[in-house]
Amino acid sequence: MKRCTSVLLLLVACVVAAAGVVLFGSLIFYGPSGVEQTVEMASLVASMPGQMISDVTKPDEITLDIEETPGILSISNYPMIELGSSRYTKDEKLSRQALDLLNGRSFKRWDGWDAYERRRGSVNGGYYTTLKLYSSDGKLMRTVNYNPEYAKAGGGDGVYIQDGGVTYILEGDQQQVIDFLDRCVMDAYDQTCLPDLQAARDSGSARTWLFEDEMPWNAESGSTGSSKE
């Protein structure tokens, strides 16, 4: 661990030095206007090693400790639910099930995520689900993901959470969590995607899963307060 941290500190120094060279070059060749654009780029690049150092110091295993029962759940899925969209429910039974399935469970650090993403490259398609747990007032409590393709890369059965740039795979039997996620996806799909979006909206109180604009807050914008991924 100490060796990795030393290497990353050296990387930070190199990035800072490189940023200085780029800034000086931009000033010489492009004047102040070029420097302004380069400063924005350099700030972004310079933040990356800091995040890497932070990730190195993260533990090898974490345990979910959800302090209160979620008041709202959201589910998104590719390709079942329209791209970039989520569906929401205030169903208390589902909230309790989610808490029972996840609270107190251990997640082990998985270093295969970057290698998996590199191998996958720019390939489209696949299947992945994201479940978000919110407090009753709309604050994001926890995000849990599922990608069955991770199993092929040594990532368990594919249930994971992320903390910064670190991926943690759920320890032990994942099947009940997967079944719960799949059931949420299918119920949300049946209620809000079939036979068409307008017909689903017109069904009103017959649905337990809601569209984002039917919620009293905009969950995806982050305007509801602090969040925990």
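The accessible surface of the chain comes to about 13,000 Å², and 55% of this area belongs to carbon and sulfur atoms; such areas come from the Shrake-Rupley method with a 1.4 Å probe, and for residues only the protein chains shown count as cover. The model is predicted: local features need pLDDT of at least 70, side-chain atom pairs count only at pLDDT 80 or more, and totals for chains, interfaces and linings use all residues. Residues are numbered from 1 along each chain as its sequence is written, and side-chain values use heavy atoms, with hydrogens and water left out.

Of the 229 residues of the chain, 38% count as buried, a term that means under 20% relative accessible area, with exposed meaning over 50% and partly exposed in between (1.4 Å probe, protein chains only). The chain has six helices and nine strands; these are DSSP runs, numbered from the N terminus, with at least four residues for helices (H or I) and at least two for strands (E). Among contacts (heavy atoms within 4.5 Å) between residues at least 6 apart in sequence, 65% join residues at least 24 apart.

Strand pairing was examined next, two strands being paired if DSSP finds at least two bridges between them. Strand β2 (residues 72-78) is largely enclosed by the rest of the structure, because six of its seven residues are buried. Seven bridges join β2 to strand β5 (residues 128-134), and the two run antiparallel. Strand β2 is also joined, by three bridges, to strand β3 (residues 87-89), again in antiparallel fashion. Leucine 73 illustrates both pairings: its bridge partner in β5 is leucine 133, while in β3 leucine 73 stands opposite threonine 89.

Strand β4 (residues 106-110) has four of its five residues buried and is therefore largely enclosed by the rest of the structure. Three bridges join β4 to strand β1 (residues 61-63), with the two running antiparallel; within this pairing, glutamate 61 has lysine 108 of β4 as its bridge partner. Four bridges join β4 to strand β8 (residues 166-170), also antiparallel, and here the partner of arginine 109 is tyrosine 168 in β8. In a regular strand the side chains alternate between the two faces of the sheet.

The structure holds five aromatic pairs. Rings of Phe, Tyr and Trp (its six-membered ring) pair if their centres lie within 6.5 Å; planes under 30 degrees apart count as stacked, over 60 as edge-to-face and the rest as tilted. One of the pairs, tyrosine 127 with tyrosine 146, is edge-to-face, at 6.5 Å centre to centre and 75° between the planes. This pair links distant parts of the chain, 19 residues apart: tyrosine 127 lies in the loop between α4 (113-120) and β5, and tyrosine 146 in strand β6 (residues 140-146). Tyrosine 127 counts as partly exposed, at 26% relative accessibility, whereas tyrosine 146 counts as buried, at 9%.

The rings of tyrosine 150 and tyrosine 160 have their centres 4.8 Å apart and their planes at 40°, so this pair is tilted. Because tyrosine 150 lies in the loop between β6 and β7 (159-163) and tyrosine 160 in strand β7, the pair ties together parts that are 10 residues apart in sequence. Tyrosine 150 is buried, with a relative accessible area of 1%, and tyrosine 160 is likewise buried, with 9%. Trp110, Tyr150 and Tyr160 form one aromatic cluster.

Finally, arginine 201 lies over the face of phenylalanine 211, at 4.1 Å from the ring centre. A charge sits over a ring if NZ of Lys or CZ of Arg is within 6 Å of the ring centre and within 35 degrees of the ring normal.
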